[in-house]
Amino acid sequence: MNPINEVHVSEPGLVVVDVAAADAETALAFQQLLADRWATATAEHTTRDAGEPGVRLRCYLDLNQPLDS
């Protein structure tokens, strides 16, 4: 994955989440659980690194903006 951009963690409550999972469905389901709770910039697809098992995705959360249940 690319290095984390400083602006994404420039203040308390901002989080970068890197997910590694066996398949895209699992990674995207986990991301949706996060998005259901906090303001989240979601990824639309996963990536696969040659020679590495599983898939990866990165999403960005703002824990200062919880969503109403």
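Visitor: How many residues does α1 have, and how far does α1 reach from its first C-alpha to its last?
Guide: α1 has twelve residues and reaches 16 Å between those two atoms, close to the 16 Å expected at 1.5 Å a residue. Keep in mind that this is a predicted model.

Visitor: Okay, and which residues of α1 are buried?
Guide: Ala27, Gln31, Leu34 and Ala35. They sit on the same side of α1, because they cover an arc of only 95° around the axis.

Visitor: Why would residues a few places apart point the same way?
Guide: An α-helix has 3.6 residues a turn, so residues three or four places apart point the same way.

Visitor: Which residues are exposed on the other side of α1?
Guide: Over there you'll find Glu25 and Leu33 exposed.

Visitor: And what covers the buried residues?
Guide: The cover includes three strands: β1 (14-21), β2 (38-41) and β3 (55-66).

Visitor: Let's zoom in on glutamine 31. Buried or exposed?
Guide: Glutamine 31 counts as buried because its relative accessible area is 4%, and the cut-off for buried is under 20%.

Visitor: What does glutamine 31 touch?
Guide: Leaving out residues up to four places away in sequence, glutamine 31 touches Thr42, Ala43, Leu57 and Cys59.

Visitor: New topic: what caps the N-terminal end of α1?
Guide: Aspartate 23 does that, with a side-chain oxygen 3.2 Å from the backbone nitrogen of glutamate 25.

Visitor: Now the strands. What order do they have in the sheet?
Guide: The order is β1-β3-β2, in an open sheet of three strands with antiparallel pairing. β1 and β2 are at the edges with a single partner strand each, so one side of each has no neighbour in the sheet. On average, neighbouring strands of this sheet are turned by 35° against each other, ignoring direction.

Visitor: How does α1 sit on the sheet?
Guide: α1 packs on the sheet and touches β1, β2 and β3. The direction of α1 makes about 5° with that of β3.

Visitor: How many bridges are there between β1 and β3?
Guide: Eight, and the two strands pair in the antiparallel sense. Among the partners, valine 16 goes with tyrosine 60 in β3, and valine 19 goes with leucine 57, also in β3.

Visitor: And how many bridges join β2 to β3?
Guide: Four, again with the strands running antiparallel. On that side, alanine 39 stands opposite aspartate 62 in β3.

Note on methods. Residues numbered from 1 in each chain as written. Predicted model: local features only at pLDDT ≥ 70, side-chain atom pairs only at ≥ 80, totals over all residues. Heavy atoms only, no water. Buried < 20%, exposed > 50% of the residue type's maximum accessible area, 1.4 Å probe, protein only. Contact = heavy atoms within 4.5 Å. Expected span 1.5 Å × (residues − 1). Arc of directions from axis to C-beta. Polar contact = N/O pair within 3.5 Å; in protein donor to acceptor, adjacent residues only side chain to side chain. Pairing = 2+ DSSP bridges. Axes fitted to C-alpha atoms, helices over the stretch in contact; angles between N-to-C directions.
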